[in-house]
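Biologist: I am new to this structure. Could you walk me through how to read it?
Modeller: Gladly. Let us look at it together.

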Amino acid sequence: MARISPRASTMVPRVAGIAESVLVTTGQTVKKGQVLAVFSSQLVSELRSVLQTAERRLEHMQSLYEREKRLWEQKISAEQDYLQAQHSVQEAEIDLENAKQKLAALGVGRGSGAMNRFELRAAYDGLVVERSLSIGEAVKEDTPIFTIADMSTVWVEAAIPAKDLPLFKVGDKVTLRAVAFDAQTTGTVAFLGALVGEQTRMAKARLLVPNPKGTWRPGLFVNIEVKATDVVVPVAVQTDALQTLGTQQVVFVRDGKNFVAHPVTLGIGQRVAGRGP
C-alpha cells in the first residue's frame with residue numbers, strides 16, 4: 001500500500017512583528033489572497049515612511065524640473081541648471097522604486113491604515129492543516145506560522161520494489177484503488193528515486209493525483225496498479241482472485257464441493273505495492 005499526502009507549504013511572515021489578530025483556524029478552507037493574520041511591525045512602519053518621503057521628494061524634484069525647463073526654454077537660466085534638475089528627478093525616481101521594492105520583497109504593500117500594520121495573505125487556495133500563532137505573539141521573519149495544503153491535487157508517496165522498477169517511468173499513468181472504500185482514480189508518475197535502499201531494496205516514487213472533488217484525503221492508503229506491456233501468457237487470473245497465505249500468493253480452485261489453495265508465481269501483470277511516509 002501507499003499513502004496519500006497533501007501538497008503543502010509553510011507560510012512565514014517574512015518580517016518580524018506582533019500578531020494583532022489571527023483570522024483562520026486549523027481545518028479551515030482558504031482562498032488565494034485571503035487575509036490569514038494581521039501584524040504590527042516597526043520595520044514595516046519605517047519602510048513605509050521611507051516610501052512616503054521618496055514620493056514627496058519626487059514630486060518636489062518634478063516641480064523644480066518643470067520650472068527649470070521653462071526658464072531654459074525662455075533662455076533665462078543656464079542649460080546646466082536644467083540638466084541638473086533633470087538628473088535630480090531621475091535620482092528621485094530611483095529612490096522611490098527602491099523603496100517600493102523593499103516593501104514588495106516582504107510581501108507588504110503601502111497600506112491604507114496604520115503605518116505599522118500589515119496583513120499576511122494566502123498564496124493559493126487550500127486547507128489550513130497547521131496553525132502556530134496566537135494573538136499578541138511576537139514572531140520573527142522566518143517563524144513558521146501556517147501550513148496550507150493545496151487539496152486540488154495530492155501526492156501519493158510509495159516505495160517500489162527493485163524488481164518492479166522497469167514497469168515505471170516518469171510520466172506514466174497508473175491506477176490507484178482506495179483501501180478503505182470502493183473508489184479508483186488515475187495518477188501520473190512524477191518522480192522515481194535514483195537510489196534503491198540497501199535494506200529495503202526499494203526505490204521511492206511520487207505520483208501526482210488530481211483531486212477536484214476532495215475524494216482523496218491525506219492519510220488514506222491506496223493500492224497502486226501498473227499495466228505492463230500486453231503479452232500472451234499461459235495462465236491469467238484476476239488480481240482480485242489473489243490471496244496471501246503466510247508468505248505465499250495463492251488462488252483458490254474448486255475441487256468438487258471444496259476450494260483448494262494453489263500456490264502461484266506472479267508475472268509482469270502483478271500488483272505493485274509500496275508504502276509512503
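Modeller: Start with strand S8, residues 146-161. This is a predicted model. In it, 14 of the 16 residues of S8 are buried, so the strand is largely enclosed by the rest of the structure.

Biologist: How many bridges join S8 to S11?
Modeller: Nine, and again the two strands run antiparallel. S11 covers residues 202-210.

Biologist: What is the order of strands in the open sheet?
Modeller: The order is S5-S4-S2-S7, four strands with antiparallel pairing. S5 and S7 (138-139) are the edge strands, each pairing on one side only. Inside the sheet, four bridges hold S2 and S4 in the antiparallel sense. One of the links is Val 22 with Ala 37 in S4.

Biologist: Can we follow a residue of S4?
Modeller: Take Val 35, which is placed in strand S4. Is it buried or exposed? Its relative accessible area is 17%, and buried means under 20%, so Val 35 is buried. Beyond its neighbours within four places in sequence, Val 35 contacts Leu 23, Val 24, Glu 119, Leu 120 and Arg 121. Now compare sequence with space. Val 35 and Glu 68 are 33 residues apart in sequence, and their C-alpha atoms are 47 Å apart.

Biologist: Which residues touch the most other members of the largest nonpolar core?
Modeller: Again, the general idea. In soluble globular proteins, nonpolar side chains tend to be buried together. In this model the largest nonpolar core has 34 residues. Those touching the most other members are Val 30, Leu 36, Phe 39, Leu 133, Ile 145, Phe 146 and Ile 148. Strands S2 (17-22), S4 (35-40), S5 (117-121) and S8 each give two or more residues to this core, as do helices H1 (42-73) and H2 (79-105). A second, separate core holds 19 residues, among them Val 154, Ile 160, Leu 176 and Leu 207.

Biologist: What does Val 30 touch, not counting residues up to four places away in sequence?
Modeller: Its contacts are Val 24, Leu 36, Ala 122, Tyr 124, Asp 125, Gly 126, Val 128 and Ile 148.

Biologist: How many aromatic pairs does the structure hold?
Modeller: Four. A pair of aromatic rings is described by the distance of the centres and the angle of the planes. For Tyr 65 and Tyr 82, the centres are 5.7 Å apart and the planes at 25°, so the pair is stacked. Tyr 65 lies in helix H1 and Tyr 82 in helix H2, so the pair ties together parts 17 residues apart in sequence. For Trp 72 and Tyr 82, the centres are 4.7 Å apart and the planes at 0°, so this pair is stacked. This pair also links helix H1, where Trp 72 lies, to helix H2, where Tyr 82 lies, across 10 residues. Together, Tyr 65, Trp 72 and Tyr 82 form one aromatic cluster.

Biologist: Where does the charged end of Arg 206 sit?
Modeller: Over the ring of Trp 155, 4.6 Å from its centre.

Biologist: Let us step back. What does the whole chain look like?
Modeller: The protein chain has two helices and 15 strands. Its C-alpha trace spans about 115 × 45 × 35 Å along the principal axes. The radius of gyration is 32 Å, while a compact globule of 277 residues would have one near 19 Å. Of those 277 residues, 32% count as buried. Last, take contacts between residues at least 6 apart in sequence: 70% join residues at least 24 apart.

How values were computed
Residues are numbered from 1 along each chain as its sequence is written. This is a predicted model: local features need pLDDT of at least 70, side-chain atom pairs count only at pLDDT 80 or more; totals for chains, interfaces and linings use all residues. Side-chain values use heavy atoms; hydrogens and water are left out. Buried means under 20% relative accessible area, exposed over 50%, partly exposed in between (1.4 Å probe, protein chains only). Two strands pair if DSSP finds at least two bridges between them. A nonpolar core is a set of buried Ala, Val, Leu, Ile, Met, Phe, Trp, Tyr and Cys residues joined through side-chain atoms within 4.5 Å. Contact means heavy atoms within 4.5 Å. Rings of Phe, Tyr and Trp (its six-membered ring) pair if their centres lie within 6.5 Å; planes under 30 degrees apart count as stacked, over 60 as edge-to-face and the rest as tilted. A charge sits over a ring if NZ of Lys or CZ of Arg is within 6 Å of the ring centre and within 35 degrees of the ring normal. The radius of gyration is taken over C-alpha atoms; the globule rule is 2.2 Å times the number of residues to the power 0.38.
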